[in-house]
Amino acid sequence: MRKSGQPTINDVARIAGVSKKTVSRVINRSPLLNDDTRKRVETVIADLGYIPNPQARALALRRNFLIGLVHDNPNAQTVMNVQQGMLEALHDTEFEMVVRPLDRGSATMLEDLRHFLERQRLFGVLLMPPISENDSVAKLCDDIGCRYVRMGSAVLDVPTRMVASNDREAVRAATDYLIAQGHKRIGFVGGPHGFRSARERRAGFEDALVAAGIALPRSMIADGNYTFDSGLIAAERLLDVIPRPTAIFSSNDEMAAGVIHAARQRGLEIPRDLSIIGFDDTPIAAHVWPPLTTVRWPIASMARSAALKLIAGEQEGEAEVEEPSLFLSTLIRRGSVASPPAAG
């Protein structure tokens with residue numbers, strides 16, 4: 001029979017014949033439960049009309065039901081994709097997301113992060129690249145007892161604290177595709193200095209050229225910073241090279257869009273005169289003309305997995321959810337690649 005007054009988590013646990021921790025797992029959609037237990041607890045919750053009190057639980061745990069997203073990324077679309085994946089994971093749980101941009105070049109970056117984590121009393125934090133690539137940031141989270149997951153383009157940590165993609169291998173496969181089409185003069189638009197993703201993607205590009213015995217003159221490499229304008233400037237440099245490249249690999253889609261714009265300003269037709277491949281498979285890849293061949297980076301899936309790792313269980317030392325740590329990027333072939341001109 002239902003008690004008078006507001007039912008508590010203790011009431012739910014007692015009637016369902018489970019521990020408070022199990023009730024909490026049901027509330028937070030933890031996968032660490034069998035279906036029978038989950039259904040039994042959910043039935044009791046519905047019968048009692050129990051409404052979780054996140055404030056009381058947060059007080060008891062000395063932390064809030066907040067998952068932080070910390071970033072210093074110049075590409076707004078990338079940050080939005082990460083938020084999308086995190087929100088999918090947090091849907092129908094008590095957890096909420098808070099976003100905190102940081103300046104990785106600031107002398108007070110670590111202190112700023114410490115203040116944020118301590119002030120918000122976060123349950124956990126997802127660290128986006130390039131901040132995630134800084135081991136001092138991970139150590140800071142450890143020192144103050146804040147769970148963290150690092151996102152990156154290569155292995156950065158143990159599996160329970162990391163989600164990574166295979167950027168180097170994916171870019172090598174994309175460059176192999178250009179080479180298979182007959183391209184030998186291939187330009188490269190790189191990412192920002194200090195980004196592990198920029199290093200991994202350039203390494204994959206160079207791997208493919210070395211394996212094919214194709215020389216890579218310095219003039220065929222241009223730096224960018226993952227923005228449209230930087231792609232435009234980089235393309236101007238590459239297209240001034242004589243003989244100019246017959247194909248360009250751009251380290252992200254925003255810069256690839258800038259390359260397309262620069263090529264059109266010169267009267268070049270894509271892909272007849274110039275083939276282009278990007279990286280990310282953001283909406284811009286399908287919206288430009290011709291649609292952009294690109295490497296699909298599963299960043300939303302990575303963020304979703306990272307958030308699920310963070311909210312799995314509520315006690316230190318509890319078994320972690322078995323979410324994947326490595327996500328494979330794949331080449332999406334569209335209309336921006338063809339064989340080079342006969343004279344090329």
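Student: How many bridges join strand 5 (residues 162-165) to strand 11, and in what sense do the two run?

Tutor: Two bridges join strand 5 to strand 11, and these strands run parallel. DSSP must find at least two bridges for strands to pair, so strand 5 and strand 11 qualify as a pair. Within this pairing, S165 has F327 of strand 11 as its bridge partner. The model is predicted: local features need pLDDT of at least 70, side-chain atom pairs count only at pLDDT 80 or more, and totals for chains, interfaces and linings use all residues. Residues are numbered from 1 along each chain as its sequence is written, and side-chain values use heavy atoms, with hydrogens and water left out.

Student: In what order do the strands of the open sheet with parallel pairing stand?

Tutor: Its six strands follow the order 2-1-3-4-5-11. Strand 2 and strand 11 (326-327) are at the edges with a single partner strand each, so one side of each has no neighbour in the sheet. Strands (E, at least two residues) and helices (H or I, at least four) are DSSP runs numbered from the N terminus.

Student: What makes strand 1 (residues 66-71) and strand 2 (residues 96-101) a pair?

Tutor: Six bridges link strand 1 to strand 2 in the parallel sense, and G68 is partnered with V98 of strand 2. With helix 5 (residues 76-90), the two strands make a right-handed β-α-β unit; a crossover has that hand if, with the strands pointing away from the viewer, the path from the first strand over the helix to the second runs clockwise.

Student: Which strands does helix 13 (residues 299-311) touch where it packs on the sheet?

Tutor: Helix 13 touches strand 1, strand 3, strand 4, strand 5 and strand 11, contact being heavy atoms within 4.5 Å. Its direction makes about 165 degrees with that of strand 4. Helix 7 (residues 135-143) lies across strand 3 (124-127) and strand 4 (147-152), also at about 165 degrees to strand 4.

Student: Why are helix 10 and helix 11 called oblique to each other?

Tutor: The axes of helix 10 (residues 228-239) and helix 11 cross at roughly 50 degrees and come within 7 Å. Axes are lines fitted to C-alpha atoms, for helices over the stretch in contact, with angles from 0 to 180 degrees between N-to-C directions. Angles under 35 degrees count as roughly parallel, over 145 as roughly antiparallel, 65 to 115 as roughly perpendicular and the rest as oblique. Helix 10 and helix 11 are therefore oblique. Among the residues in contact are F228 and L232 of helix 10 and M255 and V259 of helix 11.

Student: What makes helix 1 roughly perpendicular to helix 2?

Tutor: The axes of helix 1 (residues 9-16) and helix 2 (residues 20-27) cross at roughly 105 degrees and come within 9 Å, which means that helix 1 is roughly perpendicular to helix 2. I9, N10, V12 and A13 of helix 1 meet K20, V23 and S24 of helix 2.

Student: Which strands stand at the edges, each pairing on one side only, in the sheet that includes strand 7?

Tutor: The open sheet with mixed pairing has six strands in the order 7-6-8-9-10-12, and its edge strands are strand 7 (221-223) and strand 12 (330-332). The twist averages 20 degrees from one strand to the next. Strand 6 (residues 186-190) is joined to strand 7 by three bridges in parallel, with V189 opposite A222.
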